[in-house]
Amino acid sequence: MVKVNVCGDCFSSTGYSSHTQGLSRALLRLNPEGVGVETLLPQNWEYKADSDLRKLITNDCRKGWNIMITHPNSAILKTGSVNQGVIPYCVFEGDKIPAGWVECLNDERFRCVFTPSEHTKKAMINSGVTNVIHVIPHGHNPEDYHPDSSLRVEGFGERFVFLFVGGWA
């Protein structure tokens, strides 16, 4: 099985932290021994992390594929490490990504780019990214989501469905 090292923040309330934890946990379910997380560890991190996150942090997969969930310009720094390759994970909410990111994402040392949405893929293409872009959409784990039917608003019927499983940074 392929080893994957997910590099990114795990201990803040940023969107990057949410992406790092979400992707890492999903990969952990598929490959329990082949996924690790490389992150800055705050003091007493062991008490802030659940058992899955502790396992991800202690799994050393740095020599495998490295998925960088950070600003693309930081992902380039990992290309000098001994690993199977580096894949930047690009997240952006606008219609175009920052100009400084385009050259980085087109770097020949990156085989491809991951992104969580078609919107971000279009923003990258509109900005000039020519590298291969793979969309890995966020999903939800039905085991973690239990809607409370008592919260249903009367008068709307079935016209509106809202699913929210996180925070906005």
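Which residues does Phe-114 touch, not counting residues up to four places away in sequence? Phe-114 touches Ile-67, Ile-87, Pro-88, Tyr-89, Cys-90, His-134 and Ile-136, where contact means heavy atoms within 4.5 Å.

## Basis

This is a predicted model, in which local features need pLDDT of at least 70 and side-chain atom pairs count only at pLDDT 80 or more, while totals for chains, interfaces and linings use all residues. Residues are numbered from 1 along each chain as its sequence is written, and side-chain values use heavy atoms, with hydrogens and water left out.

Four strands form an open sheet in the order 2-1-3-4, with parallel pairing. Strand 2 (35–38) and strand 4 (85–88) are at the edges with a single partner strand each, so one side of each has no neighbour in the sheet. On average, neighbouring strands are turned by 25° against each other, direction ignored.

Strands are DSSP runs of E, at least two residues, and helices are runs of H or I, at least four, numbered from the N terminus; two strands pair if DSSP finds at least two bridges between them. Five bridges join strand 1 (residues 4–8) to strand 3 (residues 65–69), and Cys-7 has Met-68 as its bridge partner in strand 3.

## Cores

The largest nonpolar core has 20 residues. A nonpolar core is a set of buried (under 20% relative accessible area, 1.4 Å probe, protein chains only) Ala, Val, Leu, Ile, Met, Phe, Trp, Tyr and Cys residues joined through side-chain atoms within 4.5 Å. Among the residues with the most contacts inside this core are Val-37, Ile-67 and Phe-114. Strand 1, helix 1, strand 2, helix 3 (51–58) and strand 3 each supply at least two of its residues.

A second, separate core of 10 residues includes Trp-101, Ala-123, Met-124 and Val-129.

Technical notes: Axes fitted to C-alpha atoms, helices over the stretch in contact; angles between N-to-C directions. Buried < 20%, exposed > 50% of the residue type's maximum accessible area, 1.4 Å probe, protein only.
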